[in-house]
Amino acid sequence: MPENQPSVGEMMSATVPMARTLNLEFVETSSARAVVRLPDQADYHNHVGGPHAGAMFTLGESASGAIVLAAFGDQLSRAVPLAVSAEIGYRKLAMGVVTATAELGRPAAEVVAELDAGERPEFPVKVALTREDGAVTGEMTIVWTLRPSS
């Protein structure tokens with residue numbers, strides 16, 4: 001990315017108010033994967049002292065948006081990325097810092113080929129939510145689309 005271009009994390013923080021509200025940290029953002037951290041913040045705890053389910057959902061959805069932007073940012077002049085659906089499963093109690101790691105569920109080239117063919121492609125993004133000890137506390141699948149602009 002050229003020096004004068006903001007990073008994906010900077011763009012997400014600038015354009016997604018919830019990312020700023022939760023103080024999300026964009027650790028890694030590439031077309032291969034995105035890693036985003038939710039710091040441990042008492043204001044966003046639930047009744048058992050861990051991050052609220054809504055904060056964890058926002059963390060995972062933000063990681064998925066970061067990889068979508070990294071993988072398809074060059075398509076923004078002709079398509080708008082939109083989340084179509086999301087599913088989350090909470091597996092273990094999350095406490096402390098939680099990290100979301102997102103990966104595309106289909107090759108980006110396939111998605112772009114469908115867009116080139118005049119279709120509105122859909123593709124899943126898989127997200128693992130983990131504690132600092134590596135335990136998976138949740139898993140998400142967010143289905144995204146690239147809606148053609150015209």
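Guide: This is a predicted model. From the N terminus on, its elements run α-α-β-β-α-β-β-α-β-β. That gives 4 helices and 6 strands.

Visitor: How do you know whether the radius of gyration agrees with a compact globule?
Guide: A compact globule of 150 residues would have a radius of gyration near 15 Å. The protein has 15 Å, so the value agrees. The C-alpha trace spans about 50 × 35 × 25 Å along the principal axes.

Visitor: What share of the contacts in the protein with a separation of 6 or more comes from residues 24 or more positions apart?
Guide: Such residues account for 67% of those contacts.

Visitor: And how much of the protein counts as buried?
Guide: Of the 150 residues, 39% count as buried. The accessible surface comes to about 7,700 Å². Carbon and sulfur atoms hold 51% of that surface.

Visitor: Why does alanine 34 count as buried?
Guide: Buried means under 20% relative accessible area. Alanine 34 has 0%, so it counts as buried. Its place is in strand β2, residues 34-38.

Visitor: What is alanine 34 in contact with, leaving aside its neighbours within four places in sequence?
Guide: The partners of alanine 34 are Glu28, Thr29, Ala63, Ala66, Ile67, Ala100, Thr101 and Ala102. There is also a distance to note. Alanine 128 is 94 residues from alanine 34 along the chain, yet their C-alpha atoms are separated by 11 Å.

Visitor: Glutamine 75 is in a loop. Why is it called buried?
Guide: The cut-off is under 20%. Glutamine 75 has a relative accessible area of 9%, so it is buried. Its loop runs between α3 (53-72) and β3 (79-90). Not counting residues up to four places away in sequence, glutamine 75 touches Val112 and Leu115.

Visitor: Why is asparagine 23 called partly exposed?
Guide: Partly exposed lies between the two limits, under 20% for buried and over 50% for exposed. Asparagine 23 has 40%, so it counts as partly exposed. It is found in the loop between α2 (17-21) and β1 (25-29).

Visitor: What makes the phi of asparagine 23 worth a remark?
Guide: Most residues other than glycine have a negative phi. Asparagine 23 is not glycine, and its phi is positive, near 55°.

Visitor: Now the empty space. How do you find it?
Guide: Rolling a probe the size of a water molecule over the atoms shows where empty space is left.

Visitor: How many cavities of 30 Å³ or more are counted?
Guide: The count comes to 1. The largest cavity has a volume of about 30 Å³. Its lining is Leu38, Pro39, Asp40, Gln41, Tyr44, His45, Pro51 and Gly96. By class, the lining divides into 4 nonpolar, 3 polar and 1 charged.

Visitor: What makes a space a pocket and not a cavity?
Guide: In a cavity the probe fits but cannot get out, while a pocket is an open set. About 230 Å³ of space lies in the largest pocket. The elements giving two or more residues to its lining are α1 (8-15), α3 and β3. The largest share, 5 residues, comes from α3.

Visitor: Which residues lie nearest the centre of the largest pocket?
Guide: They are Met12, Val16, Gly65, Leu69 and Pro81, out of 13 lining residues. That lining divides into 9 nonpolar, 3 polar and 1 charged.

Definitions and conventions
Residues are numbered from 1 along each chain as its sequence is written. This is a predicted model: local features need pLDDT of at least 70, side-chain atom pairs count only at pLDDT 80 or more; totals for chains, interfaces and linings use all residues. Side-chain values use heavy atoms; hydrogens and water are left out. On a 1 Å grid over the protein atoms alone, a cavity is a set of points where a 1.4 Å probe fits but cannot get out, and a pocket is an open set with protein on both sides within 12 Å along at least five of seven lines; lining residues have an atom within 4 Å of a point. Grid points are joined across faces, edges and corners, and a volume is the space filled by probe spheres set on the points. Ala, Val, Leu, Ile, Met, Phe, Trp, Tyr, Cys and Pro count as nonpolar, Asp, Glu, Lys and Arg as charged, and the others, Gly among them, as polar. Buried means under 20% relative accessible area, exposed over 50%, partly exposed in between (1.4 Å probe, protein chains only). Contact means heavy atoms within 4.5 Å. The radius of gyration is taken over C-alpha atoms; the globule rule is 2.2 Å times the number of residues to the power 0.38. Accessible areas come from the Shrake-Rupley method with a 1.4 Å probe; for residues, only the protein chains shown count as cover.
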